[in-house]
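This report describes a single protein chain for a reader who has its sequence and coordinates at hand.

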Amino acid sequence: MGFSARGLGALTTLLGSLLFASTPLHAASEAPAATDTIRIGQSAALSGPLAELGTELRDGAQAYLKWINSKGGIHGRKIELVSADDAYVPERAVQNVKKQLDNDKVLAFLGIMGTANYWAVMPLLDERKIPSVAPYTGSDDLRTQTSPYTFWVRASYGDEAEKIVRQLTTTGVTRIAVFYQDDTLGISGVDGVTKALRKRNLTIAAKGAFDKNTQDVGPAVQRIAAADPQAVIMFSTYKATANFVRKFKQSGNAAQLFAVSVVGVHALANELGPDATGIAISQVMPYPGNAALPLVREFEAIPKALQPKAGLTYTTLEGFISAKVLVEGLRRAGPQPTREKLTTALESLRNYDTGGYTIDFGPGKRQGSHFAEVTIVGSGGKLMR
């Protein structure tokens with residue numbers, strides 16, 4: 001059974017307290033000694049159910065950092081991304097972050113992946129005053145924690161839910177159901193849809209949850225199909241989403257199906273094959289196929305040897321943009337960046353245009369973007385806007 005956001009937050013705060021008890025007091029403010037290399041930490045799912053997304057996120061960031069390093073780095077210093085696999089397991093994420101802080105001596109973090117994972121590591125990052133750029137989660141509950149050291153690059157699940165609900169209700173769709181993962185990811189999504197519908201004097205037609213550890217979507221399919229919805233919004237990772245889509249279509253219901261950005265377009269299309277056609281997916285990054293976008297041209301101009309194996313996808317582009325935001329923060333932090341200087345520098349990114357995607361941080365403002373749009377999977381897994 002999944003935890004509520006509040007319950008998981010309390011649990012991870014306790015976990016953090018136990019971790020701090022074994023940490024020397026001076027470690028909380030201790031920063032890495034200046035060297036020729038700036039080390040940045042990351043914990044991501046490089047194996048397990050989200051391995052494809054985690055690998056693409058890491059490789060997109062690596063592509064930008066390697067390109068910057070090939071041009072001399074920042075203020076003459078190279079940037080090294082120290083990535084560790086957590087397999088989408090919160091306890092492993094905590095272990096990775098502690099090791100990267102204590103042994104690898106990282107200055108900051110980039111692209112820590114997963115809602116539950118970030119709940120688990122946030123207390124540790126806040127306690128030690130460690131800047132963390134672009135966690136890969138849309139959780140609105142995490143964003144309400146007002147962590148002064150977390151800089152969100154992607155829009156929230158609430159932003160995605162609002163975009164989807166607005167598009168549906170504009171076309172006359174009012175019976176909207178929600179399929180969701182019974183954890184902080186899914187609960188945050190349900191809350192977002194609830195708020196978006198409430199603004200329009202509507203309520204959720206039906207809800208169906210599943211345990212991500214068992215991936216048993218059958219009961220959720222039955223509950224939602226029985227309500228005969230016009231549309232279903234799915235807050236789930238790609239394997240569970242694929243399982244739901246197959247079983248839901250077998251029920252004979254013809255509702256419009258909407259997934260959210262974390263599902264991963266290529267991962268879902270590869271899993272579903274032709275059954276992916278017609279599924280709508282909200283996106284929080286610019287369209288990778290838009291060659292008119294400076295950001296896309298910049299990505300494609302990187303030497304092929306430095307580009308991600310997966311090429312240009314929504315997820316590699318997110319890693320690329322996130323790394324670009326971090327690098328700009330490092331540039332503004334000066335030749336001898338400290339964690340305090342980097343936090344201040346990131347805060348100074350007001351209306352920073354990364355090349356067609358704008359980030360707007362500021363004093364007390366840590367949500368960089370609210371951009372969201374809806375795409376549709378066409379034949380062969382290609383996206384249509």
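Ile 38 is buried, because its relative accessible area of 5% falls under the 20% cut-off. The model in which this residue is described is a predicted one. Ile 38 belongs to strand E1, which covers residues 37–44. Setting aside neighbours within four places in sequence, Ile 38 is in contact with Arg 77, Lys 78, Ile 79, Glu 80, Leu 107, Leu 330 and Pro 337.

**Other individual positions**

Val 97, in helix H3 (residues 90–102), is also buried, with a relative accessible area of 0%. Not counting residues up to four places away in sequence, Val 97 touches Phe 109, Ile 112, Val 121, Leu 124 and Leu 125.

Gln 62 lies in helix H2. Its relative accessibility is 19%, and Gln 62 therefore counts as buried, the limit being under 20%. Gln 62 and Leu 312 are 250 residues apart in sequence, and their C-alpha atoms are 13 Å apart.

Gly 364 sits in the loop between strand E12 (358–359) and strand E13 (373–377). With a relative accessible area of 77%, Gly 364 is exposed. From Gly 364 to Glu 347 the C-alpha distance is 8.3 Å, at a sequence separation of 17 residues.

The table collects the C-alpha distances given above.

| Residue pair | Separation in sequence | C-alpha distance |
|---|---|---|
| Gln 62 and Leu 312 | 250 residues | 13 Å |
| Gly 364 and Glu 347 | 17 residues | 8.3 Å |

Helix H12 covers residues 314–333, and at 1.5 Å a residue its 20 residues should span 28 Å; the end C-alpha atoms are 29 Å apart, which agrees. Of the 20 residues of H12, 18 are buried, so this helix is largely enclosed by the rest of the structure. Leu 330, a residue within the range 314–333, is among the contacts of Ile 38. After H12 comes Gly 334, which has a positive phi near 95 degrees.

Helix H9 covers residues 238–250, and its 13 residues should span 18 Å at 1.5 Å a residue; the end C-alpha atoms are 18 Å apart, in agreement. The buried residues of H9 are Tyr 238, Ala 240, Thr 241, Ala 242, Phe 244, Val 245 and Phe 248. These buried residues pack against strand E6 (176–181), strand E7 (207–210), H8, E8, strand E9 (256–259) and helix H10 (265–272). Just after H9, Gly 252 has a positive phi of about 90 degrees.

Most residues other than glycine have a negative phi. His 75 has a positive value, near 55 degrees. This residue is found in the loop between helix H2 (51–70) and strand E2 (78–85). Its relative accessibility is 41%, so His 75 counts as partly exposed.

Asp 228 likewise has a positive phi, near 50 degrees, and is not a glycine. Asp 228 is placed in the loop between helix H8 (218–226) and strand E8 (231–235). With a relative accessible area of 44%, Asp 228 is partly exposed.

**The chain as a whole**

The secondary structure of the protein chain comes to 13 helices and 14 strands. The radius of gyration is 20 Å, close to the 21 Å that the globule rule gives for 385 residues, so the chain is as compact as a globular protein of that length. Along the principal axes, the C-alpha atoms fill a box of roughly 60 × 50 × 35 Å.

Buried residues account for 58% of the 385 residues. Among contacts with a separation of 6 or more, 68% are between residues 24 or more positions apart. The accessible surface comes to about 15,300 Å², and 52% of that area belongs to carbon and sulfur atoms. The chain carries 42 positive and 35 negative side chains, and the centres of these two sets lie 3 Å apart.

Note on methods:
Residues are numbered from 1 along each chain as its sequence is written. This is a predicted model: local features need pLDDT of at least 70, side-chain atom pairs count only at pLDDT 80 or more; totals for chains, interfaces and linings use all residues. Side-chain values use heavy atoms; hydrogens and water are left out. Helices (H or I, at least four residues) and strands (E, at least two) are DSSP runs, numbered from the N terminus. The radius of gyration is taken over C-alpha atoms; the globule rule is 2.2 Å times the number of residues to the power 0.38. Buried means under 20% relative accessible area, exposed over 50%, partly exposed in between (1.4 Å probe, protein chains only). Contact means heavy atoms within 4.5 Å. Accessible areas come from the Shrake-Rupley method with a 1.4 Å probe; for residues, only the protein chains shown count as cover. Lys and Arg count as positive and Asp and Glu as negative; His and the chain ends are not counted. The place of a charge is taken as NZ of Lys, CZ of Arg, CG of Asp or CD of Glu. The expected span of a helix is 1.5 Å times one less than its number of residues.
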